[in-house]
Amino acid sequence: MNSSAATNQPPRPFQRLIARAARLLARGVYRSVEVDNAEPGWSHHPSLIVANHPTGFSDPALLFGLLERNPRFLAKATLWKTPGLGWFLDRVGAIPVHRAQDGSTTGNAEAFAAAFAALQDGDSIAMFPEGKAQEPPHLAPIKTGAARIALGAHEAGVTGIRIVPIGIHYEDKAAVRSRAYVNVGDVLELDAELAAVLGDFPRSAESHASVERLTDEIGRRLAASAPDYATDAEAAAFGVAAEVALRDADAVEVRYSDRQRLAASVGSSAESNRTALVEEVDRYRTALAAAGIEDVDLVRSMRPASSVAWGRLSLLLLMLPLAVAGVVLNIIPYLTLMFTMRYRHDSMTPSTIRMVAAVLSFLAMWLGWAAVAWSLWNWRMGLVALVAAPLYGAVALYVLDHLTEWWRVRRGRRSVASLSPETTAALLAERSALAASTRQAASQ
């Protein structure tokens, strides 16, 4: 295994290139990616980022591409055994960590030393303290590595350390063009807050009690920013309830970040409130399904149709030739992505497969078009092709997203119009009651 990443500074130009590629990839794979409190000053200090790990490759790709300063990830050492991957991980500054479940923890002293050195240099380090990707809708027990690194670096004289909890949220981990949300939580300023966190315990990584106390605090802050629900049913129900409470005739489209924050507030309410709300959501969803509509259709029916929609349709139709060209230039990667979605052994595997497939297939296709243009004409046309393929692909995504939305709006309006006035009134009354229950649960 090449462990140069554990001791040497990674090449910054390569990091910036990969960050831009990751950012572009995220914008293509996800319909929207929102980031809250991304850089509230902590990025100017040595930072230890701790994030939940709901998928595989997607999580570090999002963080690496969306944060202002590219973090150096702590990654399991077995990844360096994959041909080519070890070289890539070294180039982005990853630090290998040896896990007990992989056979031996020998070599972790070097990993800790590399983490201390990176923090001393003012770098940002990122890790997933759950230890591995998690399928359930709640956090797994937080391991002690983050606390040991923070205390060890602090004890070694590194000042200004920030521990940054980041919650990663996915609307649907296994779907293409769903939504993602990166929520930076309550940052722990180690110099100012360590005394309050540890109390009378020693400020040392050798103290088991101190490590456990700091680990508990890290876990509490991470749970406040990440999805953390008791069951899958609660996670789904509270998301629906939040959308109902936030959506009205003036704001039909609900930001995913707003939805997740309100859902989290509901999830922290009393168990009796949560149980009642899950039942209320089930009744409302059953009523909507019986009527053949969705909540957004019901809300849109409350306001008159806008001429803006038809104007937007005209613009989309004008862009359609460019979109067709984008589909043609990217047809093989598109089909590859669609194929990966057929594999649903669990919801984490498709997300990882989807991101890796997107990286490899789109890059190969774009380079292929550049090579064809170069061979037929000259290197300048090769560069034009290399730029045009992803650009036209982006136009295709934009047009397809908006045409699909336009069709859903038209279909939804027709479905609501076909309902009897009594059915519509009953649905609106049930919806109003659910919105009120949601707001009440979130306030308690």
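## Helix 2, mostly tucked away

How many of the 9 residues of helix 2 (residues 58-66) are buried? In this predicted model, the count is 8 of the 9, so helix 2 is largely enclosed by the rest of the structure. The buried residues are Ser58, Asp59, Ala61, Leu62, Leu63, Phe64, Gly65 and Leu66.

## Aromatic pairs

Next, the rings. There are 8 aromatic pairs in the model. Take Phe14 and Phe88: their ring centres sit 6.2 Å apart with the planes at 70°, and since planes over 60 degrees apart count as edge-to-face, that is the label this pair gets. The two residues come from distant parts of the chain, with Phe14 in helix 1 (residues 12-29) and Phe88 in helix 3 (residues 85-91), 74 residues apart. Phe88 is partly exposed, at 27% relative accessibility. Ring pairs also bring in Trp87, which joins Phe14 and Phe88 in a cluster.

Phe73 and Phe128 make a stacked pair, with 6.0 Å centre to centre and 20° between the planes. This pair, too, links distant parts of the chain: Phe73 belongs to strand 3 (residues 72-76), while Phe128 is in the loop between strand 5 (124-127) and helix 5 (145-155), 55 residues apart. How accessible are they? Phe73 is buried at 11% relative accessibility, and Phe128 is buried with a relative accessible area of 14%.

Glu243 is part of helix 8 (residues 232-246). Is Glu243 buried or exposed? With a relative accessibility of 16%, Glu243 falls under the 20% cut-off and therefore counts as buried.

Leaving aside neighbours within four places in sequence, what does Glu243 touch? The contacts are Arg179, Val254, Arg259 and Arg431. As for Gln260, 17 residues from Glu243 in sequence, the C-alpha to C-alpha distance between the two is 9.1 Å.

## Helix 10 against helix 16

Arg431 turns up again here, in the contact between helix 10 and helix 16. Helix 10 (residues 271-291) packs on helix 16 (residues 421-443) at about 155°, and their axes are 10 Å apart. Because angles over 145 degrees count as roughly antiparallel, that is how the two helices run. The crossing is left-handed.

On the helix 10 side, the contact is made by Asn273, Leu277, Glu280, Val281, Arg283, Tyr284, Ala287, Leu288 and Ala291. Helix 16 brings Leu427, Glu430, Arg431, Ala433, Leu434, Ser437, Thr438 and Ala441. Sorted by class, the contact has 10 nonpolar, 3 polar and 4 charged residues.

## Helix 6 against helix 7

Helix 6 (residues 190-198) and helix 7 (residues 208-225) cross at roughly 110°, their axes coming within 10 Å. Angles of 65 to 115 degrees count as roughly perpendicular, so that term applies to this pair. The crossing of helix 6 past helix 7 is right-handed.

Note on methods: Residues are numbered from 1 along each chain as its sequence is written. This is a predicted model: local features need pLDDT of at least 70, side-chain atom pairs count only at pLDDT 80 or more; totals for chains, interfaces and linings use all residues. Side-chain values use heavy atoms; hydrogens and water are left out. Rings of Phe, Tyr and Trp (its six-membered ring) pair if their centres lie within 6.5 Å; planes under 30 degrees apart count as stacked, over 60 as edge-to-face and the rest as tilted. Helices (H or I, at least four residues) and strands (E, at least two) are DSSP runs, numbered from the N terminus. Buried means under 20% relative accessible area, exposed over 50%, partly exposed in between (1.4 Å probe, protein chains only). Contact means heavy atoms within 4.5 Å. Axes are lines fitted to C-alpha atoms, for helices over the stretch in contact, and angles run from 0 to 180 degrees between N-to-C directions. Angles under 35 degrees count as roughly parallel, over 145 as roughly antiparallel, 65 to 115 as roughly perpendicular and the rest as oblique. A crossing is left-handed if the near helix is turned anticlockwise from the far one by less than a right angle, and right-handed if clockwise. Ala, Val, Leu, Ile, Met, Phe, Trp, Tyr, Cys and Pro count as nonpolar, Asp, Glu, Lys and Arg as charged, and the others, Gly among them, as polar.
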